[in-house]
Amino acid sequence: MLPIILTILKVIGIVLLCILGLLILILCCILFVPVRYRAAVSQKKDTDAVLRVHWLLHIISIKAVFREKKLRWKLSVFGIPIQDSNRKAKPKKSRKPHKKKQEQVQETAAEQEPESLVPQEPMSDPAKKPVPETQQEQADGNTAGCEAEAADGCETDSTDTSGGSDRRRGGIFQKIRGILQKIQYTIHNIYDKIKQICHNIRRYLDILEREETAAAWKQCTWAVKHLIHHIRPQNMSGHVLFGMEDPATTGRILSYVCLLFPLYGEHLEVQADFEQKILEADVRMRGRIRVFTVLRIALRLYRDKNVRHVLHWLGK
């Protein structure tokens, strides 16, 4: 019995070790196998651009094409397209036939209703009988009483108009008071907001003047510099010809392009035309991005005490 249990435990241990080794292998592939990219851009009459990104022997690959002012892309896993922008979405089934069937059923039910349910026209009313003399006298008396009551009501209305005018004056004063209160409330809100903005500006200026902020800035510039150095294309070739209508603008753009010379080096030929407006380009580049390097730079930036202090002060 004991040897059987030991063999079962041995098999379970081997399976767990295989699973653990597979997970470690996948993690190492994610961290150390770089994501490679390749791009080509050409500009003559129209802009054409192609970008290809793949990882681990094209197990996962992405292709994006910008041509004729349209962007098309495709995601593939093991060469099988998973998502493609060229695919047309399947049309959804409409539910209109069900509604038509319900309308037909209602129409047939309305046609099958019995005629007895149809309302009949009412019979014509008989001619009114003449009013007796006694009723005519009572009506004359009622009209006389109404006229007397109306005369009394005119006297009371004169007193009501004076009270109504006082109420209108009070309502106007209340409206003016409400408008003044709203204006005062908005002025107080604007004053409080300006005061809060001034307080925030003073706090940020105080943070910028500290020594920890200067040290954190140096660390951030180091991180950005190394990140750009890692992400930038390793191989680049091609030429670029550009020109603007104003020669001064062309010279200004050329000065900015010269600042980026460490990125493209001698592999890319850049020319400026000071006589006409033109843009022609044919550039090809490729590079790689390693997740482990990006995480190492981010971890070093996060572990810096000065950076954490500045983030804590800004978060308050």
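Begin at the largest pocket, whose lining by class has 2 nonpolar, 4 polar and 4 charged residues (Ala, Val, Leu, Ile, Met, Phe, Trp, Tyr, Cys and Pro count as nonpolar, Asp, Glu, Lys and Arg as charged, and the others, Gly among them, as polar). This is a predicted model, in which local features need pLDDT of at least 70 and side-chain atom pairs count only at pLDDT 80 or more, while totals for chains, interfaces and linings use all residues. Residues are numbered from 1 along each chain as its sequence is written, and side-chain values use heavy atoms, with hydrogens and water left out.

To see the pocket, select R38, R52, V53, H54, H58, S61, I62, K63, K74 and S76, which line the space. Strand 2 (47-55), strand 3 (60-67) and strand 4 (70-77) are the elements that give two or more residues to this lining (strands are DSSP runs of E with at least two residues, and helices are runs of H or I with at least four, numbered from the N terminus).

Next, select helix 4 (residues 211-231) together with helix 8 (residues 305-315), which pack at an angle of about 115° with their axes 8 Å apart (axes are lines fitted to C-alpha atoms over the stretch in contact, and angles run from 0 to 180 degrees between N-to-C directions). The contact is made by E212, T213, A215, A216 and Q219 of helix 4 and by N306, V307, V310 and W313 of helix 8, where contact means heavy atoms within 4.5 Å.

Terms used:
1 Å grid on protein atoms, 1.4 Å probe; cavity = no way out; pocket = protein on both sides within 12 Å on 5 of 7 lines; lining within 4 Å.
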